[in-house]
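Hi everyone, thanks for coming.

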Amino acid sequence: MQVHDEEKPYDDINITPMLDLAYVLLVIFIIMTTAAVQGVKVNLPKASASVSLAKPLTKAITVSDTGQIFLDAFPVTIGELEQRLRQQKALTPDFPVIVKGDSNVQYQKVIDILDLLRRLDLTQVGLVTGKQPT
């Protein structure tokens, strides 16, 4: 009696579907880890597209919807903010600063920060906004 190829048991493992799954999970992991943005999440007001002032030495000042002030994701008071900005100005006299304020924050908080930046003679100041929906 002769055994045909069709009747032989299939004893090889096909790893292609496992590799496909591994690659998909790797891509999802890479996308999810690079999508995380450092800082405090705020609801930004909308504006038209503009040039970003973000540079490696840029200091980010954020005002949350509760009025809390953050310097590079660390909570500070207005006095601590002034002290830290003075220290940075002593190290780097002309460093850029960006101000991010939640759209629900009291306008006076943002004005107080802008006034502080003017008193410290920091001229490279940018206001961060979100993009308008199209």
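Let's start with Ser 64. Leaving out residues up to four places away in sequence, Ser 64 touches Val 42, Phe 70, Asp 102 and Val 105, where contact means heavy atoms within 4.5 Å.

Before I go on, a word on what you're looking at. This is a predicted model, where local features need pLDDT of at least 70 and side-chain atom pairs count only at pLDDT 80 or more, while totals for chains, interfaces and linings use all residues. Residues are numbered from 1 along each chain as its sequence is written, and side-chain values use heavy atoms, with hydrogens and water left out.

Back to Ser 64, then. You'll find Ser 64 in the loop between strand 2 and strand 3; helices (H or I, at least four residues) and strands (E, at least two) are DSSP runs, numbered from the N terminus. Is Ser 64 buried or exposed? Buried, at 7% relative accessibility. The cut-offs are under 20% relative accessible area for buried, over 50% for exposed, and partly exposed in between, with a 1.4 Å probe and protein chains only. The Ser 64 side chain also makes a polar contact with the side chain of Thr 66, at 2.9 Å. A polar contact here is a pair of N or O atoms within 3.5 Å; within protein, one must be able to donate a hydrogen and the other to accept it, and residues adjacent in sequence count only if both atoms are side-chain atoms.

Now for the charged pairs. How many salt bridges does the structure hold? There are 5, each being a side-chain nitrogen of Lys or Arg within 4 Å of a carboxyl oxygen of Asp or Glu.

One of them pairs Lys 59 with Asp 72, with the closest N and O atoms 3.2 Å apart. That pair links distant parts of the chain, 13 residues apart: Lys 59 sits in strand 2, and Asp 72 in the loop between strand 3 and strand 4. Asp 72 is partly exposed, at 25%.

Next, Arg 119 and Glu 82, whose closest N and O atoms are 3.8 Å apart. Arg 119 is partly exposed at 47%, and Glu 82 is partly exposed at 21%.

Arg 119 also meets Asp 115 in a salt bridge, 3.6 Å from N to O. Both lie in helix 3, 4 residues apart, about one turn of the helix. Through shared partners, salt bridges join Glu 82, Arg 86, Asp 115, Arg 118 and Arg 119 into one network.
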